[in-house]
Amino acid sequence: MGIAREPVRKATAVGDSAENVSHSTWPGNSAPLGAGYDGGGTNFALFSEIAERVDLCLIDENGEQTCIPLEEVDGYVWHAYLPTVSPGQHYGFRVHGPFDPPAGHRCDSSKLLLDPYGRAFAGDFDFGQALFSYDMAAGEDPPRAETLPMVDSLGHTMTSVVINPFFDWATDRPPKTPYNETIIYETHVKGMTQTHPGIPEELRGTYAGLAHPVIIDHLEALNVTAIELMPVHQFMHDDRLLKMGLRNYWGYNTFGFFAPHSQYAANRQPGAAVAEFKTMVRTFHEAGIEVILDVVYNHTAEGNHLGPTINFRGIDNAAYYRLVDDDRSMYMDYTGTGNSLNARHPHALQLIMDSLRYWVTEMHVDGFRFDLASTLAREFYDVDRLSAFFDLIQQDPVVSQVKLIAEPWDVGEGGYQVGNFPGLWTEWNGKYRDTVRDYWRGEPETLGEFASRLTGSSDLYEATGRRPGASINFVVAHDGFTLHDLVSYNEKHNEANGDDNTDGESHNRSWNCGVEGPTDDPDILALRARQMRNIMATLMLSQGTPMLAHGDELGRTQQGNNNAYCQDSEIAWMDWSLAEKNSDLLDFTRRVTRLRKEHPVFRRRRFFEGLPVRHEDEIGDIAWFTPAGEEMSQDDWDNGFDKCIMVFLNGEAIREPDVRGQRVVDDSFLLCFNAHEDTVEFAVPGEDYAQEWTVELDTAQPDSPADHPVRAGEEMPVPGRSLLVLRKVR
């Protein structure tokens with residue numbers, strides 16, 4: 001057993017602070033956890049099974065503390081009610097207990113610990129010795145109880161803040177947009193708004209800036225129905241990056257799963273971020289746009305065994321973290337970040353579920369994208385579809401009703417689980433991303449899989465009772481090249497990250513179109529522009545739920561950086577001047593998203609069956625053709641070097657009804673894909689499919705209207721690396 005020492009602190013009991021402030025305490029309740037203001041006073045509750053004593057420390061405006069022993073303990077929850085505490089009060093906890101790393105315990109009462117359920121935080125971390133429970137100069141590995149430094153972290157760490165939970169939501173209602181009508185726009189609060197000339201300077205980089213009318217107008221013009229925010233839970237900028245002049249820009253370094261990140265608030269008063277975030281959500285809902293959060297429950301900001309002690313580690317290390325079985329001083333790391341949250345422990349699971357419910361019920365968000373979701377499903381070592389995490393999500397009356405999106409992989413063995421999540425879930429379809437990239441850069445052996453991805457990936461999702469909407473289709477996301485860079489670079493260029501270009505993915509399935517990076521060659525620039533249109537059109541005309549990455553509609557570049565996680569700079573921010581420079585791409589994106597919105601044949605609720613909707617009909621809901629206008633044979637599918645295909649989508653054979661049970665009838669379309677470098681003649685199928693067509697979309701000539709109708713049996717030249725969309729006229 002390790003030792004437990006008294007903390008270094010200015011006050012040790014009620015009324016013992018520098019100002020001799022007295023706080024009466026009532027027993028309070030063990031639930032809910034955290035600090036809950038009820039209009040009269042505040043209830044505090046903290047779980048720790050390993051604690052021998054817990055002090056609640058109230059911090060005044062001078063940084064002085066008053067520490068109050070929590071004498072009530074129920075089910076390992078330490079609690080008290082303080083009728084004198086109101087919103088704006090700064091606080092933390094000191095947990096007294098064993099410091100015994102080999103046994104998995106790391107209590108250190110010299111550390112002022114942040115509330116795991118804190119709704120708001122203030123201040124910052126200085127990353128000096130005070131944050132660490134070992135002698136940094138000696139670099140102990142693992143640290144030992146007898147050399148525990150016992151340096152008080154008060155004044156060196158952030159503090160938790162009691163908030164006012166009351167907010168006027170007025171008539172706010174969740175849009176509840178069905179997946180088949182959803183277009184997701186992945187974005188970053190700061191990156192989206194930092195340089196927009198139409199946003200007042202004091203609102204740039206904030207929740208208020210994101211909800212500004214110019215952003216709403218931009219999203220509405222793109223027909224976006226949901227924004228997916230990169231992490232907004234309170235996160236830490238780690239010391240290594242700060243010393244390099246960088247920051248944890250993406251935010252995948254959470255320690256406060258109930259608090260909106262305070263640095264994204266225009267109002268910097270402690271706790272003000274909560275109301276500002278709620279106002280942002282209400283504003284998006286008024287525009288019919290859902291708000292989805294990218295959440296990081298797989299690990300925390302405390303890192304590995306040499307990381308700082310800021311909350312979970314010092315509260316109950318073995319309960320909150322997955323530890324190595326035969327060396328409990330070390331952490332299991334399925335995430336590549338140093339630790340993994342212990343989703344096998346009931347209180348760690350409770351933390352996740354309480355957080356999710358809080359963001360739905362109190363903050364009114366509409367769904368979640370779970371970062372490295374496979375980690376949460378590891379009961380022992382393997383990813384388990386029957387894990388407690390999935391069971392809890394399935395039966396929860398609140399969380400089960402919102403959008404649930406998995407990033408279905410982690411860095412552990414067997415972590416790639418695309419298509420294997422339970423029926424309630426949708427997934428980032430990594431196979432869609434890889435296939436579409438490979439097809440348009442001309443890789444062989446892609447035709448059959450390209451057809452599967454275009455039609456909703458039934459091979460991945462149908463067996464679990466899911467529909468096309470379960471496939472979150474994307475070609476570009478925050479992690480990797482932007483759309484512009486995908487067609488401009490063969491290699492990553494991450495030198496600005498300070499790791500000698502060793503970080504980031506090296507296999508990007510990208511193609512620079514002949515020159516690496518910037519060029520003045522008009523032919524290469526034209527090809528790159530066409531490739532961006534090809535990918536954008538393919539994304540929006542595929543069955544499933546499309547996701548755009550912010551700025552791709554403008555041709556945003558990160559100068560070849562495919563891992564801009566630390567670039568809080570022009571490298572990663574939106575360049576709004578591109579809206580004018582690349583107005584043709586922006587107009588094209590608006591046009592193709594409108595095409596999807598207006599035509600249900602591109603966003604069906606159910607998978608294609610290849611059958612007519614009525615017995616008397618002879619044509620099925622989908623048909624595939626060679627460029628010669630002949631229906632695809634098995635030999636055609638097996639031709640590994642073929643890069644051309646036509647697909648007929650029958651708008652009169654949509655089998656699923658609308659929300660009122662009425663038959664859905666749409667126009668029919670013929671999509672002609674040519675990933676060859678040369679022009680290919682496509683023969684339009686016979687009159688059984690249509691007598692006459694008109695050009696709806698042409699990625700080779702996006703601004704040129706069709707000058708004549710296209711008739712059945714007619715041959716059309718489709719330029720190399722382009723997509724032609726025809727709409728049936730009669």
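Biologist: Happy to start with the ground rules; what do the values rest on?
Modeller: This is a predicted model, where local features need pLDDT of at least 70, side-chain atom pairs count only at pLDDT 80 or more, and totals for chains, interfaces and linings use all residues. Residues are numbered from 1 along each chain as its sequence is written, and side-chain values use heavy atoms, with hydrogens and water left out.

Biologist: Thanks! Which cysteines form a disulfide?
Modeller: A disulfide is a covalent bond between the sulfur atoms of two cysteines. Here the term is applied to a pair of cysteine sulfur atoms within 2.5 Å. The whole structure holds 1 disulfide, and with sulfur atoms 2.5 Å apart, the pair is Cys57 and Cys67.

Biologist: Where do Cys57 and Cys67 sit in the chain?
Modeller: Helices (H or I, at least four residues) and strands (E, at least two) are DSSP runs, numbered from the N terminus. The two cysteines are 10 residues apart, with Cys57 in strand E3 (residues 53-59) and Cys67 in strand E4 (residues 65-69).

Biologist: Is the disulfide of Cys57 and Cys67 right-handed or left-handed?
Modeller: Let's take the torsion about the S-S bond. It is about 100° for Cys57 and Cys67, so the disulfide is right-handed.

Biologist: Is Cys57 buried or exposed?
Modeller: Buried means under 20% relative accessible area, exposed over 50%, and partly exposed in between (1.4 Å probe, protein chains only). Cys67 has a relative accessible area of 0% and is buried. Cys57 is at 0% relative accessibility, so this residue counts as buried.

Biologist: Which residue's side chain makes a polar contact with the side chain of His237?
Modeller: His237 lies in the loop between strand E14 (233-235) and helix H4 (239-243), and is buried at a relative accessible area of 11%. A polar contact is a pair of N or O atoms within 3.5 Å; within protein, one must be able to donate a hydrogen and the other to accept it, and residues adjacent in sequence count only if both atoms are side-chain atoms. The His237 side chain reaches the backbone nitrogen of Asn248 at 3.0 Å. Its side-chain partner, at 3.1 Å, is Arg247.

Biologist: Is Asp688 buried or exposed?
Modeller: Asp688 is in the loop between strand E27 (680-683) and strand E28 (692-698). Its C-alpha atom is 7.8 Å from that of Ile619, 69 residues apart along the chain. With a relative accessible area of 61%, Asp688 is exposed.

Biologist: Last one: how many charged residues are in the lining of the largest cavity?
Modeller: A total of 15 residues line the largest cavity, and Ala477, His478, His550, Arg556 and Gln558 lie nearest its centre. On a 1 Å grid over the protein atoms alone, a cavity is a set of points where a 1.4 Å probe fits but cannot get out, and lining residues have an atom within 4 Å of a point. Ala, Val, Leu, Ile, Met, Phe, Trp, Tyr, Cys and Pro count as nonpolar, Asp, Glu, Lys and Arg as charged, and the others, Gly among them, as polar. The lining has 7 nonpolar and 6 polar residues, and the charged ones number 2.

Key. On a 1 Å grid over the protein atoms alone, a cavity is a set of points where a 1.4 Å probe fits but cannot get out, and a pocket is an open set with protein on both sides within 12 Å along at least five of seven lines; lining residues have an atom within 4 Å of a point.
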